[in-house]
Amino acid sequence: MFKIIPNKRNIGAEVVGNIKNISKNDFKIIFKSLEFYGMIFIRGQKLSSSDYIKFAKHFGKLADYPRLKGLSKKYKQITVVQRKATDKGPSFGEQFHTDSIYTKKPPRFTMLLSKLVPKKGRANTEFSSQYLAYNYLSKSIKNKLLKVKGKYSSEGPISVTTRERVKEKGRKIKELKSTHKIIKKINSKNTIYCSPGHLVGFSPKLKNSEKVKKELFKHQIKKKFQYSLEWEKNQLAIWDNRSMLHQATPFKGNRIMHRITIL
């Protein structure tokens, strides 16, 4: 049996239970919670790579991350997201974004499983609810965004945060570009699907597009939409990229996370 504990303002929720013993009914509860809250996290999940893959497949087809090689040939869908004490640049993903929005078919969900983490309260992941962001968006900007799509690039502003790991484990790829609707609906709830870390323009072009972009970014990450997730070892977080922005926070030290993205 799983228990759901919503965070303040319904920005994500904690799930209590053991996913190794999950039933079909348990999964339905978890999936509905994920869609409603945008992010869920579960403590105390000591999973092998095969356990992790097995659980992830409940949510859909696993995606390949185009920018880094996988954990191994057997577990190529698991990407190692690592921060080393010797790293000098920003942490991997240290800017609000959604994952791989620059692809033609971006992942719907992302999972992170903590393998090595610093002291609790350091190296948090911050989330920003785009359900709330949409609800508080002015009518004038809503009307503008309904008429355009966002243009995204793998070489957008956030690409600077991946350089350390791409040097070590990267794949040689050309710049990836995509175009996607900005306003989406998940069940009965509207959301802003726009990645500040990757957005490079609008299609068709907007008048005063840079001003609109700045206003939108500033709005999307207001503190009242945010929740800061503290990590502990063997903790699993899952989020819906359509309704939740996320970012790593700056810290010095070592951290290893195993990531899976799901189409």
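Predicted model: local features only at pLDDT ≥ 70, side-chain atom pairs only at ≥ 80, totals over all residues.
Figure 1. Leaving aside neighbours within four places in sequence, Lys213 is in contact with Leu199, Val200 and Phe202. Between Lys213 and Leu199 there are 8.6 Å in space, C-alpha to C-alpha, and the two are 14 residues apart in sequence.

Figure 2. The bond from Ser203 to Pro204 is cis, and its omega is near -5°. Pro204 is placed in the loop between S11 and H6.

**Figure 3. The protein as a whole.** The secondary structure consists of six helices and 15 strands. Along the principal axes, the C-alpha atoms fill a box of roughly 50 × 40 × 35 Å. A compact globule of 263 residues would have a radius of gyration near 18 Å, and the value for the protein, 18 Å, agrees with this. Of the 263 residues, 54% count as buried. Among contacts between residues at least 6 apart in sequence, 85% join residues at least 24 apart.

**Figure 4. Helix H1 and the residue that follows.** The buried residues of H1 are Asp26, Phe27, Ile30, Ser33, Leu34, Glu35 and Tyr37. An α-helix has 3.6 residues a turn, so residues three or four places apart point the same way. After H1 comes Gly38, whose phi is positive, near 90°.

**Figure 5. The surroundings of Leu34.** Leu34 is located in helix H1 and is buried, at a relative accessible area of 0%. Not counting residues up to four places away in sequence, Leu34 touches Met39, Ile40, Phe59, Phe109, Ile238, Trp239 and Asp240. Thr249 is 215 residues from Leu34 in sequence, and the C-alpha atoms of the two are 23 Å apart in space.

**Figure 6. The nonpolar cores.** The largest nonpolar core has 37 residues, and those with the most contacts inside it are Leu145, Tyr152, Ile182, Ile192, Cys194 and Phe202. At least two residues of this core come from each of strand S3 (39-42), helix H3 (130-135), helix H4 (139-146), strand S11 (199-203), helix H6 (209-220) and strand S13 (236-240). Another core, of 27 residues, lies apart from the largest one and includes Ile42, Phe55, Ile260 and Ile262. In soluble globular proteins, nonpolar side chains tend to be buried together.

Figure 7. Phe27 lies in helix H1, whereas Phe59 lies in the loop between helix H2 (49-56) and strand S4 (79-83), so the pair ties together parts that are 32 residues apart in sequence. Phe27 and Phe59 are both buried. Ring pairs also link Phe27, Phe31, Phe55, Phe59 and Phe109 into a cluster.

**Figure 8. The tilted pair of Tyr136 and Phe225.** With ring centres 5.8 Å apart and planes at 40°, Tyr136 and Phe225 form a tilted pair. Tyr136 is in the loop between H3 and H4, and Phe225 is in the loop between H6 and strand S12 (226-229); the pair thus links distant parts of the chain, 89 residues apart. Tyr136 has a relative accessible area of 43% and is partly exposed, whereas Phe225, at 0%, counts as buried.

**Figure 9. Lysine charges over tyrosine rings.** Lys142 places its charged end over the ring of Tyr134, 4.3 Å from the ring centre. The charged end of Lys189 sits over the ring of Tyr131, at 3.9 Å from the centre.

Figure 10. Asn10 is not a glycine, yet its phi is positive, about 60°. Asn10 lies in the loop between strand S1 (3-6) and strand S2 (13-16) and counts as partly exposed at 36% relative accessibility. Ala123, also a residue other than glycine, has a positive phi near 60°. The loop between strand S5 (109-116) and strand S6 (125-129) holds Ala123, which counts as buried at 4% relative accessibility.

Conventions: Residues numbered from 1 in each chain as written. Heavy atoms only, no water. Buried < 20%, exposed > 50% of the residue type's maximum accessible area, 1.4 Å probe, protein only. Helix = DSSP H or I, 4+ residues; strand = E, 2+ residues; numbered from the N terminus. Core = buried A, V, L, I, M, F, W, Y, C linked by side-chain atoms within 4.5 Å. Phe/Tyr/Trp six-rings, centres within 6.5 Å; stacked < 30°, edge-to-face > 60°. Lys NZ or Arg CZ within 6 Å of the ring centre and 35° of its normal. Rg over C-alpha atoms; globule rule 2.2 N^0.38 Å. Contact = heavy atoms within 4.5 Å.
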